[in-house]
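Here are some notes for a colleague opening this structure for the first time. Please read them with the model on screen.

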Amino acid sequence: MLKKRKKGYFVFGLLITAFIMAYGSLDPQVAVAQTSVPTTAASYDVVVIGSEIQGVLLAREAKNLGLKVMILDPRSKPGGELIQGQMFFLDDVNDNKKRSLVQGEIKNLFTAYKAGSIRKKEDFEKYFNKVIKGIPLKSGIVIDAVATVPSNKDKALKTLTYHTKDGTQTTIQSKYWVENTDFNALSSHLQVKRIPGMESIYKGKQADYMAATYMLNFKNVDWNRLHQAILEDYPLTNVRNKYGPNTYVDWNFATGFSNITNKYKADNSDLKLRGLNATYQKNGQVIINGLLIYNVNPADPKSVQSAITKARAAAPSILAFLRSNIPGFSKAELNGFPEYLYIRDYNRHETNYVLEYSDLMNGTMFWDNVSIGGYSIDLQGTKTIPTGIGFGKPDRYGLPLRSFELKSYDNVLVVGKNVGANIKAYGSARIMPTTALAAQTIGIILGKESKRLADLNPADFERIHKYLEKDYKIILKK
């Protein structure tokens, strides 16, 4: 009788195991969509969703260290903010002694940018293509379903099913999955809790986000005239009284002019010309980060296209305004348009540790640091707070691995703008070189460590930080 019961229990156990493998869990609420796991499903070590530079750097390191990697990009062309959005004004990150905190592979981009050898679109594309070379990539995919399975105290993402433009549907498995889009292409399919955004600053009831930006290209700009005009208005206090705070011009970059740009009146209430961040690309070409667009939903292609249409329609009037009001722009002309936006803020979801404002201002260093930040806490405008708001300049602070591990999933990582941080902390942590360093570091750890990320402990990270410094010149301490 006992033997029959044991046999029955064994068969029942097999049935339960098969059920879990097929549907992800006994709990129907574990995943938004679930699918069975085909025995022929391709298997990877790391699958990155989206081709923003941060996730590409993670994939690059993982692949170089022998892991099987794939990038699945929901966008039709790769490069995201950097390439398709032409975000060619690169924000540096420094500590309070003005020492650069830019490290890792992304430092090569910043060094060339500052030196002037990477300034124009073709320069950035050449750099990006070099970084992504050899990494398998599929563009224009649509995620159809995911399946999860129980894993220790949490759950794990087991499979993902997607289709391509021709309708071909594919299911894949992976040990790790990485959310690397600016519109939650992967995490929107998971059971996750949103971190409150800009609405928490003014106690709003509806989700709110910092404005997107449409980069503006110009040619026939007399940069020498702009530079000379500002010099003639020195000292700097006089320049800033005349043109606005943070106004500065050298032979390569210009910032400020908010006293001037605040006078521009857009025909569309969703647009605002804020202070300018301009990069001189040589030969009279200039690209400007300054045109804010409110109420953009990056997860809705119609919203994105509507924002681009509004921005392009406003470009001629902005050109006319700059011609009349900014030295050196009197003969300027428009010089083409980006295909995409710079999305600086969207839904972020709870991670194993959510960075706090106090962590930044106290210079907190974590045992599992994967990056170092130091950028000013800069929250750009929303429709409710049109001019944005700042909360000071932290010294160097750490960003832990746990802020890139999606809560309740032991094998889902978030990188780039998806970093786990409350809205004030996000104002600094969001900056590209900071999140790029984190992503690269995580890629190295994935490739070198035999333990699961969730099992790494302080002793492991003492060893990890040593080889990161020795082999990669990445220093993750004060």
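How many bridges join strand S10 to S11, and in which sense do these strands run?

1. Strand S10 (residues 271–280) is joined to S11 by seven bridges, and the two run antiparallel. Strands pair here if DSSP finds at least two bridges between them. Helices (H or I, at least four residues) and strands (E, at least two) are DSSP runs, numbered from the N terminus. Along this pairing, Leu271 stands opposite Ile293 in S11, and Asn277 stands opposite Asn289 in S11.

2. Some remarks on the source. This is a predicted model, in which local features need pLDDT of at least 70 and side-chain atom pairs count only at pLDDT 80 or more, while totals for chains, interfaces and linings use all residues. Residues are numbered from 1 along each chain as its sequence is written, and side-chain values use heavy atoms, with hydrogens and water left out.

3. The hairpin of S10 and S11 has five residues between the strands, and Lys282 there takes a positive phi near 80 degrees. Asn283 lies in the loop between S10 and S11. Its phi is also positive, about 55 degrees, although Asn283 is not a glycine. With 63% relative accessibility, Asn283 counts as exposed; the classes are buried for under 20% relative accessible area, exposed for over 50%, and partly exposed in between (1.4 Å probe, protein chains only).

4. Strand S11 (residues 286–293) has eight of its eight residues buried, so it is largely enclosed by the rest of the structure. Strand S7 (residues 212–219) pairs with S11 in the antiparallel sense over six bridges. Tyr214 stands opposite Leu291 in S11.

5. Where do these strands sit in the sheet? The open sheet has six strands in the order S8-S9-S10-S11-S7-S12, with antiparallel pairing. S8 and strand S12 (333–334) are at the edges with a single partner strand each, so one side of each is left without a neighbour in the sheet. Helix H9 (residues 301–325) packs on the sheet and touches S7, S10, S11 and S12; its direction makes about 45 degrees with that of S7. Contact means heavy atoms within 4.5 Å.

6. Two packed helices are described by the angle between their axes and the distance between the axes. Axes are lines fitted to C-alpha atoms, for helices over the stretch in contact, and angles run from 0 to 180 degrees between N-to-C directions. Angles under 35 degrees count as roughly parallel, over 145 as roughly antiparallel, 65 to 115 as roughly perpendicular and the rest as oblique.

7. Helix H4 (residues 106–115) packs with H12 at an angle of about 150 degrees, with the axes 9 Å apart. That makes H4 roughly antiparallel to H12. Ile106, Leu109 and Phe110 in H4 meet Met432, Pro433 and Ala436 in H12. By class, this contact has six nonpolar, no polar and no charged residues. Ala, Val, Leu, Ile, Met, Phe, Trp, Tyr, Cys and Pro count as nonpolar, Asp, Glu, Lys and Arg as charged, and the others, Gly among them, as polar.

8. Helix H12 (residues 432–448) also packs with helix H13 (residues 458–472), at about 110 degrees and with the axes 11 Å apart. That makes H12 roughly perpendicular to H13. Thr441, Ile444, Ile445 and Lys448 in H12 meet residues of H13 that include Phe461, Ile464 and Tyr467. The contact of H12 with H13 has seven nonpolar, one polar and two charged residues.

9. Not counting residues up to four places away in sequence, Leu82 touches Ile53, Met87, Phe88, Leu90, Leu109, Phe124 and Met432.

10. His227 is placed in helix H6 (residues 223–232) and counts as buried at 8% relative accessibility. Not counting residues up to four places away in sequence, His227 touches Val249, Asp250 and Trp251. In the loop between H6 and helix H7 (236–243) is Pro235, and the peptide bond from Tyr234 to Pro235 is cis, with omega near 15 degrees.
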